[in-house]
Amino acid sequence: MTIETFNHIEAGLWFIIGLGMLIAALIRRRDNRWLTLFLVATVAFTLFGISDIIEAETGAWWKPL
C-alpha cells in the first residue's frame, strides 16, 4: 500500500468522524455547550480530512530547506 492510498483512507476516516460529530450535534442541538463542542469538532475533523487529501495529491504541505 502506498502512502497516497494510506492518506486517502485516513482522509475518509476523518470525514466519517466529522460526520459522526455533525450527527451528534444535531441530536444534542438543545444543549448549547455540546452543540458548540460538536460543531467545532466537525470543522476540525473535516479540515484534517482535507489536509490528508492535499497531502496525498501533492506529497506534502511544505518542503524542508
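How far apart do the end C-alpha atoms of residues 6-27 lie, and what share of the span is helix and strand? They lie 32 Å apart, with 100% helix and 0% strand. The views below show a predicted model, in which local features need pLDDT of at least 70, side-chain atom pairs count only at pLDDT 80 or more, and totals for chains, interfaces and linings use all residues. Residues are numbered from 1 along each chain as its sequence is written, and side-chain values use heavy atoms, with hydrogens and water left out.

**View 1. Helix α1, residues 3-27.** Here α1 has 25 residues and reaches 36 Å from its first C-alpha to its last, close to the 36 Å expected at 1.5 Å a residue. (Helices are DSSP runs of H or I, at least four residues, and strands are runs of E, at least two, numbered from the N terminus; the expected span is 1.5 Å times one less than the number of residues.) Look for Asn7, Ala11, Gly18, Ala24 and Ala25, which are buried (under 20% relative accessible area, 1.4 Å probe, protein chains only). These buried residues pack against α2 (contact means heavy atoms within 4.5 Å).

**View 2. Helix α2, residues 32-58.** With 27 residues, α2 reaches 39 Å from its first C-alpha to its last, close to the 39 Å expected at 1.5 Å a residue. Its buried residues are Phe38, Ala41, Thr42, Gly49, Ser51, Asp52 and Ala56, and what covers them includes α1.

**View 3. The pairing of α1 and α2.** The two axes (lines fitted to C-alpha atoms over the stretch in contact, with angles from 0 to 180 degrees between N-to-C directions) come within 8 Å and cross at roughly 165 degrees. That makes α1 roughly antiparallel to α2 (an angle over 145 degrees).

**View 4. The spans annotated in UniProt.** An unreviewed UniProt entry places the feature "transmembrane region" at residues 6-27 and 34-54; such annotations may be inferred rather than shown by experiment. Residues 34-54 are 100% helix and 0% strand, with end C-alpha atoms 30 Å apart.

**View 5. Ile3 and Gly59.** Ile3 is found in helix α1 and counts as exposed (over 50%) because its relative accessibility is 54%. Gly59 follows α2 and has a positive phi, near 100 degrees. Although 56 residues apart along the chain, Ile3 and Gly59 have C-alpha atoms separated by 8.9 Å.

Methods. Angles under 35 degrees count as roughly parallel, over 145 as roughly antiparallel, 65 to 115 as roughly perpendicular and the rest as oblique.
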